[in-house]
Amino acid sequence: MTVHDIPLKHGRAADSIGARLSRYEGKGKITGAADYALERQLPGLAYGVLVPATIGAGRVLSIDTAALAAPGALLVLTPEDDLGLAQATSFTGQLAEGAFVPMPHEVRHNGQPVALVVAESFEQATEAARLIAVTYDETPAVASLTETGPEAGTLAEQFTVAWGEAEAAFGAAPVQIEADYHTPREYHAAMEPHGLIARWEGDRLTVWQPSQWTHAMARNYAEWFDLPVENIQVISPYVGGGFGSKGFNYGFEAICAFAARRLGRPVKLALTRPQNFTFYGGRASTRQTLKLGAGTDGVLHSIVLTGASETSTYGLWPEQIGAATPILYATPNYSGQQRVVPVNTVTPGALRAPGKSPSAFGIESAMDELAYAVGVDPVEIRLRNYAERDHQSNKPWSTRRLREALSEGAKTFGWSKRSMAPRSMRESRHLIGWGVGLGTFPVIRNYGEAQINVTADGRIEVVSGATDIGQGTYTILAQTAADAFGVAVEDVSVRLGDSSLPGSPVAGGSKLAGVMTGAVHKAATAARDELIGLALTHPDSPFHGVAANTLTVSQGRISPPRTESPSVSVADLMRAIGRDRLEVTRDTLPDNLQSPEERLRTWSTMTTAIGPTSGEESMHSWCAHFIEVRVDEDFGTVRVSRVVSAFDCGLLYNPKLAESQWKGGIIMGIGMALFEEGHVDARNGRVINNNLGDYLVPTNADVPDIKVISVGIPDLGASVLGGKGVGEVGIVGVAPAIANAVFHATGKRIRSLPITLTDLI
Ligand code: MCN
Ligand code: MOS
């Protein structure tokens, strides 16, 4: 039995979009039937272990490769080896020239790979790697953003946003708030580590690796090794969490694939937990200064945002501190500018709600400060500054049920019982604080492709190269096909996570669900119509000669319009017309993207993604978080004791899974507020807490009852079925809601995350 044969269990009879079905692949994952990429067993498999640099900056002078004599050792690669790789097109579509050197002599950050050892077993490779001795020429390193001044780095001009006269309006405003906010470096900390198994057969490369985007990865390997993309297959049926880190390729993958080719054997490279902190980037540290100018009624006159995020010395990843700031509130004057500061780190990357999450920490904290400065309730001040349209793009919202989110959330939470003064709510030794924070995430649209197969037994197969990283792709695509085709969801199987299957964008940017439900809906409808066409026209069909120009498919049975006529099962029809398979593939690409080159570009870069304001309207998901904390006055400990969050994400394909996504985001927000912080050693740039024992994330004991509410209505501009993005918005606004609650409890305004007990005693 494969995982696909495990019957779905679901809460109610309806199989359609909107039903609360449990995860399609859930039982497979729980029982071990789901085969994760790194569990693949292959004959002749050899094991790679990478050696990380121990200095923050400098040069590798020499490497003693005597490790090659160690038992079982097969290969040692160092910066001396010319891997002969070419640069690959970036995910933003930029063509890169020249050689790609994933293991250079130059050391740009602590933990950068400087040697690979491959051996017969993992243990032998680990031992041989331990024997590798590296001599460095060490130079001074800048370990993190905190070591740099406010004017460091360069202006990221693409993020400059301005309307009105923000500085002047701030200067003239009766109420002025000015504060600095800081968020630390954070890491993805997915349960499943990164890694890959690479196998060559001649010029064909198969890679098993956890991936959020099989098609882009296949193109990336093809370009590195200068091969046609058809020669590459990236397989990733199940992913144990990615949170943005598994959407991109990294140098260690190229080194492993090269080693497999050199040895003529498949090679597996699984990163150790510490290597998951330095071989690819987490969320960049940020600092921002916010100036809010307002009237004594709390109505905003101006917002001025300046600040910076860190990036590496060799790659650019700006963590956009102004991603949420200009669209949350109405303001007649706005100015936002961001700098990017290179430090000796691995290039940071996308981590759940990149930009939006640190951005919201700034503005949602500052709005709370404004509320207290003018003595207006924090919910009321958000309503007084409600943006009726998007002031940045000057477009109307497509749908924005944020007022409903605020009122429903407040009602469910019991906000009206809140007393405004800090330190005014207490239960024995616990100071109680209630805070609110808003969140947003843009609707990003794109194109997708799906294949629908009808098999002889009347079952429907959905086939796509899209991935399920735990967020629910399998389940919602089964529901979409069941709905569009008119069969029960038990009769649908879904195959995903393979670059040789039909095209799909990244499972990122909270857009895959909208994109792929659209593609599957189109393909399934087309397949149903084709089957109906055959049923009407095929001479051996029981419906041949029926005086009708259409038939209906419902619960797996085909019926003519007049109900008294007998219906026939899909399987019986297939048998009657002598077909054992019907295959239909459809994409949602416009005509100008149909050439092979454009198709490859669409499936493997982000260049065809459609932003939230590219049309007539401005499209976003929205939420309001209401959070209670209990602070122990003696020990300074903060516990989140209650969360109520209300969301507008449009129509929900599967409310059970959407709620689970929101809760996951909220839990990450609790981590951001109270636990997560990469500690980087200023002497050498080493990530000190590079393991799950010291890099703290919330455990079950840290997570209270979380109540989530949907206030969305279908947004048919956002996607075919009316859904907006769900995956990331949940984290946005949680950390400031907690910081605001801590202020309410204690009277202490903490502007640097995470909030720890030393801040409160
Ligand atoms: N959904 C829904 N109704 C909608 C939209 C979505 O029911 N209107 C549900 C579906 O179950 C869908 C899921 O929410 O599968 C996520 O849909 P969407 O918002 O389109 O996000 P993506 O499919 O693009 O998933 C990526 C998103 C991102 S960008 C990060 S980061 C993230 C996240 O999803 N990483 C995750 N959620 C994660 N969940 C898990 N378990 N693991 C990760 O690594
Ligand atoms: Mo999500 S950070 O866009 O993969």
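Is aspartate 226 buried or exposed? At 69% relative accessibility, aspartate 226 counts as exposed (buried is under 20% relative accessible area, exposed over 50% and partly exposed in between, using a 1.4 Å probe and protein chains only). Keep in mind that this is a predicted model, where local features need pLDDT of at least 70, side-chain atom pairs count only at pLDDT 80 or more, and totals for chains, interfaces and linings use all residues. Residues are numbered from 1 along each chain as its sequence is written, chains are lettered from A and ligands numbered from 1 in the order in which they are written, and side-chain values use heavy atoms, with hydrogens and water left out.

**Helix H4 and what follows**

- Helix H4 spans 214–224 (helices are DSSP runs of H or I with at least four residues, strands are E runs of at least two, and both are numbered from the N terminus).
- With 10 of its 11 residues buried, H4 is largely enclosed by the rest of the structure.
- Among the buried residues of H4 are His215, Met217, Arg219, Tyr221 and Trp224.
- After H4 comes aspartate 226, with a positive phi near 55°; aspartate 226 belongs to the loop between H4 and strand S14 (232–235).

**The second largest pocket**

- This pocket has a volume of about 360 Å³. A pocket here is an open set of points on a 1 Å grid over the protein atoms alone, with protein on both sides within 12 Å along at least five of seven lines; a cavity is a set where a 1.4 Å probe fits but cannot get out, and lining residues have an atom within 4 Å of a point. Grid points are joined across faces, edges and corners, and the volume is the space filled by probe spheres set on the points.
- The second largest pocket has 17 lining residues, and His215, Val229, Glu230, Ser499 and Leu600 lie nearest its centre.
- H4 and helix H13 (596–604) each supply at least two residues of this lining, and H13 gives the most, with six residues.
- By type, the lining splits into eight nonpolar, five polar and four charged residues (Ala, Val, Leu, Ile, Met, Phe, Trp, Tyr, Cys and Pro count as nonpolar, Asp, Glu, Lys and Arg as charged, and the others, Gly among them, as polar).
- Domain 1 (38–140 + 188–277) and domain 3 (445–604) each provide at least three of the lining residues, with domain bounds coming from an automatic or database domain assignment.

**Rings and charges**

- The whole structure holds 24 aromatic pairs (rings of Phe, Tyr and Trp, the last by its six-membered ring, pair if their centres lie within 6.5 Å; planes under 30 degrees apart are stacked, over 60 edge-to-face and the rest tilted).
- One of these pairs is tyrosine 250 with phenylalanine 252, stacked at 6.0 Å centre to centre and 15° between the planes.
- Tyrosine 250 is buried at 14% relative accessible area, and phenylalanine 252 is buried at 1%.
- Tyr24, Tyr36, Tyr238 and Tyr474 are linked into a cluster by ring pairs.
- Arginine 400 lies over the face of tyrosine 386, 4.8 Å from the ring centre (a charge sits over a ring if NZ of Lys or CZ of Arg is within 6 Å of the ring centre and within 35 degrees of the ring normal).
- Arginine 749 puts its charged end over the ring of phenylalanine 743, 4.0 Å from the centre.

- Most residues other than glycine have a negative phi, and most peptide bonds are trans.
- Asparagine 394 has a positive phi near 60°; asparagine 394 sits in the loop between helix H8 (378–384) and helix H9 (402–413), and is exposed at 54% relative accessible area.
- Leucine 753 and proline 754 are joined by a cis peptide bond, with omega about -5°; proline 754 is in the loop between helix H15 (734–746) and helix H16 (757–760).
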